[in-house]
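Here are a few notes to read alongside the model.

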Amino acid sequence: MKISANLLAKIISLPSPYIQRRSNTVRFTLVLTVEEGIACRFAAASWADLLPDDIASDLVTQIGWKRIEHAPARLTVIRCTLSNANPNQAQCQIDLGSGFEPLAIQIEGV
Amino acid sequence: MLQWLRWWNRNVVPPSQSTRTVILLPPANSDPPERPQPIVVVEHPPVVEPTPAPPPAIDPEPLVEPVVEPEPVPTTTQQVIAAEVVEPAALPEIPPSIPPTDWRGPAYFLPGAYTLRWGIQPVLQASRARSLPPAKYPASTPAQPSRQTATKSPPSTSGTFPFLLANDSASGMRVDPVLFTEFLITREEELSPAAARYWTDHAILDPSRDLSEKLLQVESPLTPAQLLAETAQPDAALALVVCHSVARAFARGSTILKHKRTTPSFYRYFDPNSLGAADPGDWYRFFGIASIAALASRGSIERSSGTPSRAVLQIDSLAQQFPASTDDLRYAALAWANAVQFWEWGTYSRSPQAVRTSARQSLDAFCFGLRAISADPSGPWRWSAPKPASLNPNDARLDASASLLEIQEAA
């Protein structure tokens with residue numbers, strides 16, 4: 001279970017007001033589900049305001065379809081902080097129903 | 001004088017004074033009148049019994065906020081995380097599949113091991129002590145070498161549930177157990193092309209599309225038996241696979257069946273009283289187990305080819321550990337079906353209650369699949385339920401006995 005730096009770069013490149021950008025730090029919180037289909041939104045947004053399908057699909061692949069299926073209500077929450085807006089320096093956590101736990105960052109080429 | 005003394009006693013001496021002077025008056029008829037002598041009466045304040053001193057106050061322990069977040073459902077608030085995010089530990093890399101050179105073939109899924117009648121016994125390990133009584137149901141026709149798929153039947157209104165089941169035999173749909181297992185447990189977009197054929201083969205895809213369209217027109221939710229009947233397929237095993245595909249598309253979405261998430265509507269089409277309304281995914285798992293029961297019990301198994309994923313290899317290792325009968329294919333089907341459920345819930349579930357519910361539903365699904373092909377559904381059947389999150393997804397082989405939560409039985 002991990003999230004790739006490339007995918008983080010895609011997410012923070014979205015022109016979303018729900019991505020918090022302060023000085024050199026970028027933060028966001030996502031809600032991801034597989035209930036009746038894959039969908040992903042920022043935590044403060046509604047289910048009518050989704051992230052692009054390819055990002056949601058990649059997230060499910062990287063987190064694991066079965067893991068999300070067995071999370072309560074088929075929902076998982078991912079939150080990340082990126083120092084200097086650099087995906088390689090991101091720190092992420094995931095909540096699959098038992099509280100937040102670290103989510104490893106997959107850095108391409110490493 | 002007397003009046004003056006009475007006035008003095010009454011008004012001058014204050015009642016609250018601790019020491020006061022009282023002048024005793026002589027009786028009124030004394031003769032000659034005596035000079036009154038003052039007597040000093042000392043009044044002490046009331047003695048109050050001292051109450052025992054309270055025990056010294058103990059400083060209460062400072063309240064500690066619980067560290068663990070109590071919500072069972074992941075939080076959905078917008079709160080931005082604090083800066084002190086824990087540095088994630090590096091996870092070991094897991095190869096997506098076992099290199100062919102390391103894999104010696106499926107010990108359980110090979111037809112020889114699977115049917116048992118060809119002389120190769122499956123390696124029963126922990127399950128020997130739980131062996132089942134002799135089976136009552138005669139073995140099915142041995143598997144035929146060539147693959148046959150059922151022809152698409154003309155769309156028609158469904159009859160009652162058993163109508164599909166008549167004249168069923170081993171001549172219908174056949175599956176490679178390795179690829180079919182991969183198909184059952186893997187997300188559509190991540191399937192290998194070989195395993196994706198159970199989605200895309202026209203013998204399955206066309207009736208699945210028909211059933212999806214039919215389902216959108218239903219006026220009331222369908223039970224599993226009604227859904228199976230709606231497929232209008234002469235091959236009951238194929239009908240079960242079609243139901244699995246459609247239920248999965250509605251429960252999880254599907255690119256192939258073009259079913260996309262809109263608003264939650266699953267239980268408008270699928271009866272919430274049949275399998276509960278906790279998770280729409282229960283429906284596709286139900287038909288997946290029923291498909292295994294039908295296909296394996298009638299011997300519709302092809303020789304396996306290709307390299308299994310690690311997950312399929314783990315399921316194969318579990319299947320070897322469950323009870324099997326030497327002359328009844330239903331027990332081989334039971335081991336396969338049980339292994340699939342055991343693997344998924346033992347690896348990913350976090351709730352013993354959810355595992356128990358799933359085991360019960362899976363046992364029902366197994367009997368449902370047997371009834372669908374007109375096989376005898378009477379057992380006794382024993383279903384091993386795993387402890388949640390007790391299986392390590394990184395292990396090549398899994399020990400079912402070490403992860404056993406309980407055994408459920410059905411007559």
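**Notes on the predicted model**

1. Please keep in mind that the model is predicted. B:Ala232 sits in the loop joining helix 6 and helix 7 of chain B. Its phi is positive, about 55°, although the residue is not a glycine.

2. Most residues other than glycine have a negative phi. A:Ser23 belongs to the loop between strand 2 (20–22) and strand 3 (25–33) of chain A. Is A:Ser23 buried or exposed? It counts as exposed, because it has 6 C-beta neighbours inside 10 Å, and the limit for exposed is 12 or fewer.

3. Next, have a look at helix 5 of chain B, residues 202–216. Its 15 residues reach 21 Å from the first C-alpha to the last, close to the 21 Å expected at 1.5 Å a residue. Buried here are B:Ala203, B:Ile204, B:Pro207, B:Ser208, B:Leu211 and B:Lys214. Viewed down the axis of helix 5 of chain B, these buried residues fall within an arc of 125°, so they line one face of the helix. An α-helix has 3.6 residues a turn, so residues three or four places apart point the same way. On the other side of helix 5 of chain B, the exposed residues are B:His202, B:Asp206, B:Glu213 and B:Leu216.

4. What covers the buried residues of helix 5 of chain B? The cover includes helix 4 (197–200), helix 6 (224–230) and helix 7 (236–252) of chain B. The axes of helix 5 and helix 7 of chain B come within 9 Å and cross at roughly 55°; the two helices are therefore oblique to each other. Their crossing is right-handed. Residues making this contact include B:Leu211 and B:Leu215 from helix 5 of chain B, and B:Val242 and B:Val246 from helix 7 of chain B.

5. Finally, helix 12 of chain B covers residues 352–372. Its 21 residues should span 30 Å at 1.5 Å a residue, and its end C-alpha atoms are 30 Å apart, which agrees. Just after helix 12 of chain B, B:Ser374 takes a positive phi of about 65°. The loop between helix 12 and strand 3 (381–386) of chain B holds B:Pro380, and the peptide bond from B:Gly379 to B:Pro380 is cis, with omega near 15°.

Key:
Residues are numbered from 1 along each chain as its sequence is written. Chains are lettered from A and ligands numbered from 1 in the order in which they are written. This is a predicted model: local features need pLDDT of at least 70, side-chain atom pairs count only at pLDDT 80 or more; totals for chains, interfaces and linings use all residues. Helices (H or I, at least four residues) and strands (E, at least two) are DSSP runs, numbered from the N terminus. The expected span of a helix is 1.5 Å times one less than its number of residues. A residue is buried if 20 or more other C-beta atoms lie within 10 Å of its own, exposed if 12 or fewer, and partly exposed in between; C-beta atoms are placed from the backbone. The arc is that of the directions from the helix axis to the C-beta atoms. Two residues are in contact if their C-beta atoms, placed from the backbone, lie within 7 Å. Axes are lines fitted to C-alpha atoms, for helices over the stretch in contact, and angles run from 0 to 180 degrees between N-to-C directions. Angles under 35 degrees count as roughly parallel, over 145 as roughly antiparallel, 65 to 115 as roughly perpendicular and the rest as oblique. A crossing is left-handed if the near helix is turned anticlockwise from the far one by less than a right angle, and right-handed if clockwise.
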